[in-house]
Every structure is written in structure tokens, then in C-alpha cells.
Amino acid sequence: SKAPIAIIGTGIAGLSAAQALHTAGQAVQLFDKSRRCGGRTASKQIESGSFDLGAQYFTARDRRFREALQHWQEEGWAAPWSPNLYLSRAGQLEPSTDEQARWVGTPQMASIARALLGDLPVTFSCRITEAFRGEELWTLVDADGASHGPFSHVIVATPAPQASALLAAAPKLAAVAASVAMEPTWAVALGFATPLPTQVEGCFVQDDALDWLARERSKPGRNGHLDTWVLHATNSWSRQHLDLSKEAVSEQLLGAFAELIDCVVPAPEFTLAHRWLYARPAQPHEWGALADAGLGLYACGDWCLSGRVEGAWLSGQEAARRLLEHL
Ligand code: FAD
Ligand code: NAD
């Protein structure tokens, strides 16, 4: 029987490609270094609540993505989120309502990836370090030295800095991936025993430290007894404080939050800090996906397009389309 297609990375891009290929009747095998799928659409579940630590919500501007989203909504994997939006700048907090439709995974952001993965074959906790091609077929090597394969094609669906080494067989693709700078983001999750007496449910911040804050519990389908919030630092603050301890980051961002928000902030019951090293590409691109069709090597990810959930999904579709076109 025919060798399957390997997909490295189970974020939205890798899963989008996997779904498109599976629908077209191709066998796929996914790999992720993490213990679960979703990549930057990760959520943390604790007994008293849930937090979307990466992507907070997404917008849908492309027709194809809107169609996929409609299906996700029908299946109960995603729902609209219409928070009381605010803008904070120069120490002033003001309402900032708009007409933009925003969406979240339900009951967590990570639910979308889990649903997309479904029963597709996947190997977790497996960091791929090398992809090499024999006469015709591909072999993957992981960080423990184990090899996996053979595969007919390889799709690299990791952030650009992690993709370039995996694309070494196609030096041109590797060079494109290596040219993409990605910015870090520190995220802090907070859980308060008593709901904060504020109307704010989401806030764009134009400040030194904070970039965004969201009241997680205002999103559809969330439960748990804590009033949960997620704070994101700006890329530049995150870069400047890359090696600060999680405790110090939590303390500083909690301080910035307490200064910004229009109520007294008690000590949180729960605090968690997470550092995203490759949170977003410094600039958007218009590559769609990268391909060396002769070799059977492809790359996709948010960094090939808009640096957003929608861009990641579209890039995965594009990688699959180009692969299928060349079969
Ligand atoms: P990823 O989700 O990064 O998936 C790549 C996967 O590859 C990961 O699971 C990783 O574990 C795996 N991997 C990496 N290297 C290897 C390897 N060597 N071997 C095996 N597996 C490997 N987007 C929005 O639209 N709206 C938002 O509000 C928003 N906010 C964001 C906030 C933060 C803090 C962050 C970090 C991102 C945010 N984004 C947002 C961006 C959005 O999350 C990403 O654009 C999208 O999820 C990227 O998907 P991806 O599949 O391209 O990559
Ligand atoms: P969007 O249309 O809601 O927002 C785009 C940008 O427009 C916002 O970042 C904000 O600066 C501005 N904006 C939008 N509505 C506003 C309002 N009512 N008041 C004030 N400013 C407003 O969403 P999108 O285009 O899908 O972008 C996704 C979001 O994800 C953005 O907020 C982006 O910053 C964020 N993101 C963050 C990271 C990260 O690493 N932290 C990575 C990718 C995306």
C-alpha cells in the first residue's frame, strides 16, 4: 500500500492540511512535540475555570474560512464572542464597541483543534529534528534518535524558526523560513475568587507592558467558579523581559492590570504565566504555503500569511491543494 503523508505540527495549519488531504482520500500521519494538539490555540483547564493562553479569538474574512467556520459552529466547536470591548491608552479606559464579528472555540479555544484532529493518526511528545529523502520516500528522525516512515511527502507545519531545519532538503524553502522573524508574547492567566466589579470583558491596550486583556469567563461555554482573566504583554515588553522569571512577569503584569482597570484588584486565587517564544511573525506574508513539488516537501503556517488563526488555516489548505495538484 501507498506510504502516508507526514505532517509535522498539529496547530491549526497542520490540522487544516491534514483534513483537506484526508477528505481527498490520502492517508496522513501527524507528529507534535507537545502532549496535545492545537499549538498556539492552547487552553489550560483547571478545576475552577479555563484559560485560552494563546489565540484569544479570531476573525473570519476569507470566504473559504467563513464556510469552514460555519461548519465548526454547526458542530458546536466554535461560537461568536461579543465582549464589552474597551480601549486603554494614556491611562484612560474607554468603551470601544465595534461591529467586528469575533469567534472563539467552545468550550475552549483548543476545542477546535481537538475536533479537527478527530481520529487521525498522531504521535505526540515527538519532536522531529530531521526529514530526509531516500530514492523516493521520506524518513523523519526525532529528538530521541528514532526514525519514522517511510512517507510519500512531508508537510512542515511548525513556526518558521522551527521549520527551517526541517526544510534542509530544500535549501530555498529553508532560507525563506529562516528569513521570518517571530515575536514573543508573555501571557498571564489570573483567577479571582470574587468577580471583579467592572464591565470590561476585553480590552485593547496601548501601553508599554500590556497589549490585551480578556475576561475569559465572558466567552461562550466557559464555566468554573473563578472570575478568570488573561493578560498579554506587548511583543516589545516580552522581548525585553524574555528571561524574567514567571513569578516576576506575573507580578509586573498584574500590577499593570491593577493600574489600568477601573476597580480594586484583590490578590488572585490562581496565577499562571506562559511564555510564547514564537507568538507571531513580525510581518505578514503572501506566500500561502511553500512547496518543492519535485521533492514532495511543503511548509505551511500562520507565518506564510497573516499571522492569525485564519491565516494558519488558509495556509494549511494551500499546502494540501498544492500537494494534491502534483499527485
Ligand atoms: P502553531 O499553532 O504554532 O502549531 C505548530 C505546532 O508544531 C505546535 O503544536 C508545535 O508543538 C509543533 N512543533 C513545532 N516544532 C516541532 C517539531 N520539531 N516537531 C514536532 N512538532 C513541532 N490569532 C488570532 O487569529 N487571534 C488572536 O487573538 C491571536 N492571539 C494570539 C495570542 C498569542 C499569545 C499567540 C501566541 C498567538 C495568537 N494568535 C492569534 C495567533 C494564532 O494563535 C496563530 O496564528 C495560529 O494558531 C498558528 O497556527 P500554526 O498551525 O501556524 O502554528
Ligand atoms: P481584530 O480585527 O479584532 O483586531 C485587529 C487590531 O485592530 C487589534 O489588535 C487592535 O489593535 C485593533 N482593534 C480592533 N478592534 C478594536 C476596537 N474595538 N478598539 C480598539 N482597537 C481595535 O482581530 P484580527 O485582525 O483577527 O487580529 C487578531 C488579534 O490577535 C489582534 O488583536 C492581534 O493583535 C492578536 N494577535 C496577537 C498575537 C500575539 O502574539 N500576541 C499573535 C497574533 C494575533
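I sorted the shell around ligand 1 by residue class and got 14 nonpolar, 15 polar and six charged residues. My classes: Ala, Val, Leu, Ile, Met, Phe, Trp, Tyr, Cys and Pro are nonpolar, Asp, Glu, Lys and Arg are charged, and the others, Gly among them, are polar.

Housekeeping: this is a predicted model, where local features need pLDDT of at least 70 and side-chain atom pairs count only at pLDDT 80 or more, while totals for chains, interfaces and linings use all residues. Residues are numbered from 1 along each chain as its sequence is written, chains are lettered from A and ligands numbered from 1 in the order written, and side-chain values use heavy atoms, with hydrogens and water left out.

**Entry: the ligand**

I looked up who surrounds ligand 1 (a heavy atom within 4 Å) and found 35 residues, the closest being Ala13, Asp32, Arg40, Tyr57 and Asp302. Next I went through polar contacts (N or O pairs within 3.5 Å). Asp32 puts a polar side-chain atom 2.6 Å from a ligand 1 oxygen. Arg40 uses a backbone N or O atom instead, 2.8 Å from an oxygen of ligand 1. For Val309 I have a polar backbone atom 2.9 Å from a ligand oxygen. Taken alone, ligand 1 exposes 1,000 Å², and the protein buries 92% of that (Shrake-Rupley areas, 1.4 Å probe). Elements giving two or more residues to the shell are helix H1 (12–23), strand E18 (270–281) and helix H8 (309–325); these are DSSP runs, H or I of at least four residues for helices and E of at least two for strands, numbered from the N terminus.

**Entry: salt bridges**

I counted 14 salt bridges, each a Lys or Arg side-chain nitrogen within 4 Å of an Asp or Glu carboxyl oxygen. For burial I used relative accessible area: buried is under 20%, exposed over 50%, partly exposed in between (1.4 Å probe, protein chains only).

Asp98 and Arg102 pair at 2.9 Å, N to O. Asp98 is partly exposed at 38%, whereas Arg102 is buried at 8%.

Arg239 and Glu183 meet at 3.1 Å, N to O. Arg239 sits in helix H6 (residues 235–240) and Glu183 in strand E14 (residues 182–192), so this bridge ties together parts 56 residues apart in sequence. I get 44% for Arg239, partly exposed, and 17% for Glu183, buried.

Arg215 bridges to Asp227, closest N and O atoms 2.7 Å apart. That links strand E16 (residues 210–215) with strand E17 (residues 227–233), so the parts tied together are 12 residues apart in sequence. Both Arg215 and Asp227 are buried. I also noted one network, in which salt bridges with shared partners join Asp52, Glu216, Lys219 and Arg222.

Terms used. Polar contact = N/O pair within 3.5 Å; in protein donor to acceptor, adjacent residues only side chain to side chain.
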